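The stops below follow the salt bridges.

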Amino acid sequence: MNLQLNYSINSLKEEVRQLIKKGLLGRQQPIYTICNFIPAREWHKIEIELELNGYLLRDHLIDLIQPERWDNN
């Protein structure tokens, strides 16, 4: 995860979407599982951003990345 420069909730959501798309995380996993992809020294910044946006570490990743867009082709 490349969040060293940008800790916005939108960049975090996009990174999580990519990790789920790659199969590295599952939608039903708790948000705190993303700490495995973030350097420990940076994690507190992510926690603050999540808290400021009303997310709990025990919430599911699907709660963070909603709403997803589905294309019907």
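Three salt bridges turn up in a search of the whole structure; the term stands for a side-chain nitrogen of Lys or Arg within 4 Å of a carboxyl oxygen of Asp or Glu. This is a predicted model, in which local features need pLDDT of at least 70 and side-chain atom pairs count only at pLDDT 80 or more, while totals for chains, interfaces and linings use all residues. Residues are numbered from 1 along each chain as its sequence is written, and side-chain values use heavy atoms, with hydrogens and water left out.

Select Glu 14 and Arg 17 to begin. Their side chains form a salt bridge, 3.6 Å from N to O. Both belong to helix 1 (residues 9-21), where three residues, or about one helical turn, separate them. Helices here are DSSP runs of H or I with at least four residues, numbered from the N terminus. Glu 14 is partly exposed at 37% relative accessibility, and Arg 17 is partly exposed at 25%. Partly exposed lies between buried (under 20% relative accessible area) and exposed (over 50%), using a 1.4 Å probe and protein chains only.

Next, select Glu 42, which is buried at 12% relative accessible area. Arg 41 is exposed, at 60%.

What does Lys 45 form with Glu 42? A salt bridge, with 3.4 Å between the closest N and O atoms. Glu 42 and Lys 45 are three residues apart in helix 2 (residues 40-52), about one helical turn. Lys 45 is partly exposed, with a relative accessible area of 34%. Keep Arg 41, Glu 42 and Lys 45 selected together: salt bridges with shared partners join them into one network.

Key: Helix = DSSP H or I, 4+ residues; strand = E, 2+ residues; numbered from the N terminus.
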